[in-house]
Amino acid sequence: SISSAASDVYKRQGGRCSLVKLQTPSSSDNDVVDTYNFDSGPTILIMKYILEEIFQQCGKRNVNDYVKFEKVNPMYRLYFHEDPSLNKQYQQRNVDDDDDENRSEKEEPSDSLDQKSEKIDERPPKQKLPDYFIDMSSTPEKMKEELERVFPGENTDQGYEKFKSREKARYEALMPLLQREWSSLWRSLLDIQAVYALPHIGLFRSLFSVLGDYFLNENIRLCFTFQAKYLGMAPTTC
């Protein structure tokens, strides 16, 4: 667990701490605590090297001796209800559309838990998936093939290579700053690493806007903004 790893790293650095757990972990895939379900089964890990560093700092030999990894490729599949190569204008949902003018004057009473359970059981069968899809791959050649298949004639090869090159440089410049302690803000800002990273920060630009530097088709941009959902944000505001 994160708490165990943090305490182990801290002790390796000379600190002293005690770790207290409320409940003994079970061996099942789902733990139930006070009617709450916690999924303790397989999980997605997109930065394996971070886990490798933690194991090294804890004095362990190899993370693969303790955890079984399976590479998922393609990483995920995105479906489109219409041909994405048509590049219809991307419409952002306005969260303010839910204002008082558009609300009904009379709110419906909230359903009880039993009523909600009945509604879940009465769900219609799953609909057929749309015909248009793209597989997002971690293999560059496969990714370029998919982009050309779904978005023919968009010059995606050049944009994709430019995207990889620039964003790799941004990642390498910013990641060290996320892994350091910032006890003194002003001293840290004057650090050579922080100065070097300044051009890569991209202030006042959204993820969707940055991807416009590489891809003109807005549907292609959406394909590369899926991770914004991990933050609970739309790509136009993330």
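I began at Val195, which is partly exposed, with a relative accessible area of 41%, and noted that the model I am reading is a predicted one. Val195 sits in helix 7, and together with Ile192, Leu198, Ile201, Leu203 and Phe204 it makes a nonpolar surface patch of about 710 Å².

I then turned to the interior, bearing in mind that in soluble globular proteins nonpolar side chains tend to be buried together. The largest nonpolar core holds 18 residues, and Ile134, Met136, Leu147, Phe215, Cys223 and Phe224 are the ones with the most contacts inside it. At least two residues of this core come from each of strand 3 (76–80), strand 4 (132–136), helix 4 (140–150), helix 5 (156–178), helix 8 (207–211) and helix 9 (218–223). For Ile134 I listed the contacts beyond four places in sequence, and among them are Tyr76, Leu78, Phe80, Met143, Leu147, Val150, Phe151 and Cys223.

Next I checked helix 5, whose 23 residues should span 33 Å at 1.5 Å a residue; the end C-alpha atoms are 31 Å apart, which agrees. Its buried residues are Thr156, Gly159, Tyr160, Phe163, Glu167, Arg170, Ala173, Met175 and Leu177, and I found that their cover includes helix 2 (48–57), helix 4, helix 7 (192–197), helix 8 and helix 9.

Last, I looked up Lys21, in the loop between helix 1 (2–12) and strand 1 (30–33). Lys21 is partly exposed because its relative accessible area of 43% lies between the 20% and 50% cut-offs. I also recorded that Lys21 and Ser4, 17 residues apart in sequence, are 9.8 Å apart in space, C-alpha to C-alpha.

Definitions and conventions. Residues numbered from 1 in each chain as written. Predicted model: local features only at pLDDT ≥ 70, side-chain atom pairs only at ≥ 80, totals over all residues. Heavy atoms only, no water. Core = buried A, V, L, I, M, F, W, Y, C linked by side-chain atoms within 4.5 Å. Buried < 20%, exposed > 50% of the residue type's maximum accessible area, 1.4 Å probe, protein only. Helix = DSSP H or I, 4+ residues; strand = E, 2+ residues; numbered from the N terminus. Contact = heavy atoms within 4.5 Å. Expected span 1.5 Å × (residues − 1). Patch = residues over 30% accessible without salt bridge, like charges linked within 9 Å, V, L, I, M, F, W, Y side chains within 5 Å. Areas by Shrake-Rupley, 256 points an atom, 1.4 Å probe, with all protein chains shown as cover. Salt bridge = Lys/Arg side-chain N within 4 Å of Asp/Glu carboxyl O.
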